Amino acid sequence: RLPTVAIVGRPNVGKSTLFNRLVGKKLALVDDRPGVTRDRREGDAHLLGLDFRVIDTAGYEDEDPDTLPGRMRQQTQAAVDAADVALFVVDARAGVVPLDEEIARWLRGADTPIVLMANKAEGRAGESGVYEAMALGFGDPVVFSAEHGEGIVELFEALLPHL
Ligand code: GDP
Ligand code: MG
């Protein structure tokens, strides 16, 4: 069995872009439990010699982005609990917002190791967001750009101890 990595975070931080970068052409659509796993995507990822199963806990973009629906929390919690490690993604350009802090609060209670990622950090626009992310309680974030493919080695190094 491949180790499992769950991608979590509020809508629009770049979870699906990260998923696509990790999975590449091997992208798989998983819809085995309609209504429960709506838009949950899984695929086999390859990262500098690491092989793992990756789960994108996306699919709530059409819901009110300012609340954390119980269903989102339930599904995300299940994915995190089942994973060997979870990638908690924040948007370095937008900075840390209350919903990130809310997600951080309940991720702190999880037994699963959490790797914090400050995505959209290409260029200088993400610098203050990277510093804000440090205050979330998961150590220094992996400074990343899913769109530009920056931070791959740092992500590898952060995942390595957990896989
Ligand atoms: P999700 O809702 O968390 O799955 O986020 P998406 O992957 O759908 O991305 C939301 C938006 O952020 C899209 O417009 C992406 O193109 C954009 N995005 C994702 N990653 C990056 C990045 O590294 N840099 C920038 N500038 N934009 C990004
Ligand atoms: Mg998505």
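Let's start in a loop: Lys-120 sits between strand S6 (114-119) and helix H4 (127-134). This is a predicted model, and in it Lys-120 has a positive phi of about 65° even though this residue is not a glycine. Is Lys-120 buried or exposed? Lys-120 is buried, because 23 other C-beta atoms lie within 10 Å and the cut-off for a buried residue is 20 or more.

Asn-12 also has a positive phi, of about 80°, and is not a glycine either. You will find Asn-12 in the loop that links strand S1 (4-8) to helix H1. With 13 other C-beta atoms within 10 Å, Asn-12 is partly exposed.

## Strands side by side

Now follow strand S5, which covers residues 85-91. Six of its seven residues are buried, so the rest of the structure largely encloses this strand. S5 has S1 as a partner: the two run parallel and are joined by four bridges. Within this pairing, Ile-7 stands opposite Leu-87 of S5.

S5 is also joined to S6, again in parallel, by six bridges. Here Val-89 has Met-117 in S6 as its bridge partner. To get from S5 to S6, the chain passes through helix H3 (residues 98-107), making a right-handed β-α-β crossover. As a general point to keep in mind while looking at the strands, side chains in a regular strand alternate between the two faces of the sheet.

## The nonpolar core

How many residues make up the largest nonpolar core? There are 40 of them, and the ones with the most contacts inside this core are Ala-6, Ile-7, Leu-87, Phe-88, Val-115 and Met-117.

Leaving aside residues up to four places away in sequence, Ala-6 touches Ile-55, Thr-57, Ala-79, Val-80, Ala-83 and Ala-86.

## Around the ligand

Finally, turn to ligand 1, which has 17 residues around it. Which of them come nearest? They are Gly-14, Lys-15, Ser-16, Thr-17 and Glu-147.

Helix H1 (residues 15-23) supplies the largest share of this shell, with three residues. Sorted by class, the shell around ligand 1 holds eight polar, five charged and four nonpolar residues.

Key:
Residues are numbered from 1 along each chain as its sequence is written. Chains are lettered from A and ligands numbered from 1 in the order in which they are written. This is a predicted model: local features need pLDDT of at least 70, side-chain atom pairs count only at pLDDT 80 or more; totals for chains, interfaces and linings use all residues. A nonpolar core is a set of buried Ala, Val, Leu, Ile, Met, Phe, Trp, Tyr and Cys residues joined through C-beta atoms within 7 Å. A residue is buried if 20 or more other C-beta atoms lie within 10 Å of its own, exposed if 12 or fewer, and partly exposed in between; C-beta atoms are placed from the backbone. Two residues are in contact if their C-beta atoms, placed from the backbone, lie within 7 Å. A residue is near a molecule or strand if its C-beta atom, placed from the backbone, lies within 6 Å of it. Ala, Val, Leu, Ile, Met, Phe, Trp, Tyr, Cys and Pro count as nonpolar, Asp, Glu, Lys and Arg as charged, and the others, Gly among them, as polar. Two strands pair if DSSP finds at least two bridges between them. A crossover is right-handed if, with the strands pointing away from the viewer, the path from the first strand over the helix to the second runs clockwise.
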